[in-house]
Amino acid sequence: MSQPVSVLLIDDDKDLRRATAQTLELAGFAASAFADPREAFGELSAAFDGVVVSDIRMPHIDGLQLFSKIKEMDADLPVILITGHGDIPMAVSAIQDGVYDFIAKPFAADRLVQSVRRAAEKRRLVMENRALRQAAESANDSLPLIGQTPAMENLRRTLRHIADTDVDVLVAGETGSGKEVVAQLLHQWSRRRTGNFVALNCGALPETVIESELFGHEAGAFTGAQKKRTGRIEHASGGTLFLDEIESMPVATQVKMLRVLEMREITPLGTNEVRPIDLRVVAAAKIDLGDPGQRGDFREDLYYRLNVVTLSIPPLRERREDIPLLFSHFLSRAAERFRRDVPAVNETVRRHLAGHSWPGNVRELAHFAERVTLGLEANGPSARSDEPALGNLPEKMERYEAAIIREALAEHKGDVRLTIEALGIPRKTFYDKLQRHGISRADFRGG
């Protein structure tokens with residue numbers, strides 16, 4: 001049996017308050033009556049799943065002032081105002097401002113009850129939608145940061161805590177551990193979510209190109225600069241800039257990046273114009289920049305400027321308890337993507353999950369789940385399946401070819417040129433095979 005809907009009733013007239021509360025109780029509502037609006041407001045929060053019914057004319061705070069306070073707290077919380085005849089123009093104005101309904105005195109009991117029922121239904125839908133959105137965030141937003149180990153729970157908690165603080169963040173983690181996912185969550189869970197999320201892999205660009213990519217340039221700034229280009233930093237203004245493999249950033253660019261972080265302004269190549277930017281930087285490194293031995297020629301002052309908050313993503317081998325949960329998720333996702341049934345996990349796969357060191361971390365595990373779904377196994381000992389792959393020779397060859405392409409894409413982080421060179425096939429043939437096998441290059445980009 002469902003709980004009765006809560007109605008918070010405010011009226012300084014003792015007799016009318018008692019009679020109205022009785023009417024609501026007889027109609028099946030749980031009425032809490034208050035003479036003082038200030039006391040009533042103390043019982044309210046955005047989690048209140050009921051309806052507010054209030055008189056307009058009251059001492060200390062009138063009904064309109066109470067409504068304004070409630071609207072600031074939760075604009076979707078329905079408020080019904082009870083008015084005297086002379087207050088009707090005021091009540092009509094309040095309706096335009098968002099009051100759910102007004103009822104003029106004297107009123108029939110059924111008029112109030114029907115209004116409260118409609119308001120309660122509206123509130124129920126609002127609360128259900130909020131719960132669904134929250135559940136969707138919990139289920140989807142943290143992928144692939146799935147995990148029940150203390151390290152992952154602490155990481156998700158820290159992300160929620162700092163997401164809206166605007167501090168620059170340094171993310172440390174091995175290849176494939178999910179550094180770009182962390183950056184995307186920091187963006188998505190912050191007030192910057194309406195701005196651009198701009199990602200740049202510092203290790204994938206030659207030194208001659210990276211400054212133009214970051215800072216932009218004016219037409220004619222250098223040979224080949226035929227038109228003006230907005231840089232990644234300026235494009236990320238109002239949002240989040242994610243710099244992956246920042247340890248690969250050239251020293252000369254590091255100096256300019258340090259100034260950007262300190263002054264929050266840029267000067268594009270080919271101009272003396274200084275442009276202010278509203279920027280949050282999330283940088284990721286595969287090495288420990290705090291260790292001088294690993295840092296190499298990466299500037300110490302830039303490291304300390306980025307190191308406002310450092311988040312470390314543990315490698316998969318250090319949170320083995322999470323591997324079955326992650327694998328199950330990736331297996332289901334792969335089965336849906338390839339339009340196949342979720343395969344049974346045989347003993348060979350289980351041994352590989354338990355014994356492999358997973359140097360490619362979560363990304364490697366996801367690709368292994370795809371190969372299992374396609375009837376293939378990982379390289380090495382687990383390639384000897386306990387159960388032969390089903391299908392005739394052409395079908396097996398198709399699956400094998402798709403697996404080779406996926407492995408090449410994974411190795412080169414989705415880079416088309418490097419993947420084509422490794423496979424030794426023409427570009428058009430490569431794209432034809434991607435389409436035939438249903439392979440999305442975006443799934444293999446770095447992070």
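Helix axes here are lines fitted to C-alpha atoms over the stretch in contact, with angles running from 0 to 180 degrees between N-to-C directions. With that in hand, take helix H17 (residues 416-423) and helix H18 (residues 427-437) of this predicted model. Their axes lie 10 Å apart, and the two helices pack at an angle of about 100°. Angles of 65 to 115 degrees count as roughly perpendicular, so that is how H17 and H18 sit relative to each other. On the H17 side, the residues involved are Val416, Thr419, Ile420 and Leu423, and they meet Arg427, Phe430 and Tyr431 in H18. Sorted by class, this contact of H17 with H18 comes out as five nonpolar, one polar and one charged residues.

Helix H14 (residues 347-355) and helix H15 (residues 361-373) have axes that come within 12 Å and cross at roughly 175°. This makes H14 roughly antiparallel to H15. Val349, His352 and Leu353 supply the H14 side of the contact, while Leu365, Phe368 and Val372 supply the H15 side. The class count for H14 with H15 is five nonpolar residues and one polar, with no charged residues.

Turning to the strands, E3 (residues 51-55) has five of its five residues buried, so this strand is largely enclosed by the rest of the structure. Its residues point two ways: Val51, Val53 and Asp55 go one way, Val52 and Ser54 go the other, and all are buried. E3 also has pairing partners. Strand E1 (residues 6-10) pairs with E3 in the parallel sense, over four bridges, and here Leu9 has Val53 as its bridge partner in E3. Strand E4 (residues 79-83) is likewise joined to E3 by four bridges, and these two strands run parallel. In that pairing, Asp55 stands opposite Ile82 of E4.

Asp36 sits in the loop between strand E2 (30-34) and helix H2 (37-41). Is Asp36 buried or exposed? Its relative accessible area is 15%, and because the cut-off for buried is under 20%, Asp36 counts as buried. The Asp36 side chain reaches the backbone nitrogen of Arg38 at 2.9 Å. Once neighbours within four places in sequence are set aside, Asp36 is in contact with Ile10 and His60. Ile10 falls within strand E1 (residues 6-10), the strand that pairs with E3.

Conventions: Residues are numbered from 1 along each chain as its sequence is written. This is a predicted model: local features need pLDDT of at least 70, side-chain atom pairs count only at pLDDT 80 or more; totals for chains, interfaces and linings use all residues. Side-chain values use heavy atoms; hydrogens and water are left out. Buried means under 20% relative accessible area, exposed over 50%, partly exposed in between (1.4 Å probe, protein chains only). A polar contact is a pair of N or O atoms within 3.5 Å; within protein, one must be able to donate a hydrogen and the other to accept it, and residues adjacent in sequence count only if both atoms are side-chain atoms. Contact means heavy atoms within 4.5 Å. Angles under 35 degrees count as roughly parallel, over 145 as roughly antiparallel, 65 to 115 as roughly perpendicular and the rest as oblique. Ala, Val, Leu, Ile, Met, Phe, Trp, Tyr, Cys and Pro count as nonpolar, Asp, Glu, Lys and Arg as charged, and the others, Gly among them, as polar. Two strands pair if DSSP finds at least two bridges between them.
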